[in-house]
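Open the model in your viewer and keep the sequence panel beside it. Each stop on this tour says what to select and what is there.

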Amino acid sequence: MSALLQPVVNLGVWLWGLLAAVVLWIFGERFAPGVLLAIRTLLLIVCIVVPLMLCVAYLTLAERKIIGWMQVRIGPNRVTFFGIRWLRGWGQPIADGLKLLCKEIVIPTGANRFLFVLAPIMAITPALAAWAVIPFDPDLVLANIDAGLLYVMAITSMTVYGVIIAGWASNSKYAFLGSLRSAAQMVSYELAMGFALVGVLMAGQSLNLTAIVARQMGPYGALHWFFIPLFPLFLVYLIAGVAETNRSPFDVAEGESEIVAGFHVEYSGMTFAVFFLAEYANMILVSTLCSVMFLGGWLSPVPDAFAHAVGVPAIAADGMPWLLVKVAFVLFCFLWFRATFPRYRYDQIMRLGWKVFIPVTLVWIVVVGGWMLTPYWMW
């Protein structure tokens, strides 16, 4: 694979050298380094956001196809590209996006216009900003800061403001009730997620996400990953991530028989689409964080000795493909949960968060702390 990508890498290096020469000629030696740094950062952001938006679009198609398969249905199979029969359904996300793009944005009478438009922006911004510190490879990360885990916890906790503002600015009792229920749920499960990450911090002995993945490296492959000693915290983080993203079976904000469509009931067109994008972008973010902190990130699950014994040493090579496989598996679990479990009652959700998850995480943090002081800790 590296041999196939080498011409592309060489072309990129040549283009960057050409761009550097042009910038140096225009801005001079004094300002050229700063301009080049800004251009490099902007290009890296584009290289993260564009594939992420494509993944969000086709995650909606994957959800409809996978749940259709589980329920013995076909799923979307009409919209195609240029009439190519074997691409039936693959044009559905693009058709959905164009439909929402062409729909009118209706702002209710009496609504706060500024906050009404600001709310979906506040909902999607944390889901995109958190990717700044996510490592895809030891050397492939936008900002490899030492407090990466703290940054993720801080930036993702701001999503709740978009939900609350959307409900309040709509000037609708249904939207306001939905936003209050959703906000209470997100805050409750955010506490459990935070305590679960304390266990990761203890095991990884660092707030740097790249260093946390490096601590899970060892000769025995997957046996060194943190999901083994932190298994209760792994389950709590995964389930709390489902609740944090308002996904089924925790989607009480969208209980149609109770409060219509929740906090975004008054939204239409692209304002609704941005909320939709934020939900799926948060799903991908939670899946990636789960893979990085508990499932070894880009590390291969296959030990080197086993890979050489079976004659396929390539499967023991670490790299971003392993991270993508793990993210896809966690996303499949998200879709599986939606197709399997009925929606919880609101009191059941609150009881699970406050009376089960938080005590479990606190107890297991104490257990891990004691375990790390013994010679039996191998992580």
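A helix here is a DSSP run of H or I with at least four residues, and helices are numbered from the N terminus. With that in hand, select T361: this residue lies in helix α13, residues 346-372. The model is predicted, and the values below are computed from it.

**Stop 1: T361**

Is T361 buried or exposed? Its relative accessible area is 0%, so T361 is buried; the cut-off for buried is under 20%. Now show what surrounds the residue. Leaving aside residues up to four places away in sequence, T361 touches A192, F195, A196, L233 and V236.

**Stop 2: the whole protein**

Zoom out and colour by secondary structure. How many helices and strands are there in the protein? The count is 13 helices and 0 strands. Along the sequence the pattern therefore reads α-α-α-α-α-α-α-α-α-α-α-α-α.

Next, look at the overall dimensions. Along the principal axes, the C-alpha atoms fill a box of roughly 60 × 60 × 50 Å. The radius of gyration is 23 Å, which agrees with the value near 21 Å that a compact globule of 379 residues would have. Of the 379 residues, 42% count as buried. Among contacts with a separation of 6 or more, 75% are between residues 24 or more positions apart.

**Stop 3: helices α5 and α6**

Select residues 159-169 for α5 and residues 173-204 for α6. Two packed helices are described by the angle between their axes and the distance between the axes. Here the axes come within 7 Å and cross at roughly 165°. That angle makes α5 roughly antiparallel to α6, since angles over 145 degrees count as such. The crossing of α5 past α6 is left-handed.

Show side chains to see which residues make the contact:

- From α5: T159, V160, V163, I164, G167 and W168.
- From α6: A175, F176, S179, S182, A183, M186 and V187.

By class, the residues of this contact are 9 nonpolar, 4 polar and no charged.

**Stop 4: helices α4 and α6**

On the α4 side, select L149, M153 and T156; on the α6 side, they meet E190, G194, L197 and L201. The contact of α4 with α6 has 4 nonpolar, 2 polar and 1 charged residues.

**Stop 5**

The last stop is about backbone angles. Most residues other than glycine have a negative phi, and most peptide bonds are trans.

Go to N171, in the loop between α5 and α6. N171 is not a glycine, yet its phi is positive, near 55°. The relative accessible area of N171 is 46%, so this residue counts as partly exposed.

Move on to Q205, in the loop between α6 and α7 (209-214). Q205 also is not a glycine, and its phi is positive at about 55°. Is Q205 buried or exposed? With 52% relative accessibility, Q205 counts as exposed; the cut-off is over 50%.

Finish at S248 and P249. A cis peptide bond joins S248 and P249, with omega about 10°. P249 is in the loop between α8 (231-244) and α9 (256-259).

Terms used
Residues are numbered from 1 along each chain as its sequence is written. This is a predicted model: local features need pLDDT of at least 70, side-chain atom pairs count only at pLDDT 80 or more; totals for chains, interfaces and linings use all residues. Side-chain values use heavy atoms; hydrogens and water are left out. Axes are lines fitted to C-alpha atoms, for helices over the stretch in contact, and angles run from 0 to 180 degrees between N-to-C directions. Helices (H or I, at least four residues) and strands (E, at least two) are DSSP runs, numbered from the N terminus. Angles under 35 degrees count as roughly parallel, over 145 as roughly antiparallel, 65 to 115 as roughly perpendicular and the rest as oblique. A crossing is left-handed if the near helix is turned anticlockwise from the far one by less than a right angle, and right-handed if clockwise. Contact means heavy atoms within 4.5 Å. Ala, Val, Leu, Ile, Met, Phe, Trp, Tyr, Cys and Pro count as nonpolar, Asp, Glu, Lys and Arg as charged, and the others, Gly among them, as polar. The radius of gyration is taken over C-alpha atoms; the globule rule is 2.2 Å times the number of residues to the power 0.38. Buried means under 20% relative accessible area, exposed over 50%, partly exposed in between (1.4 Å probe, protein chains only).
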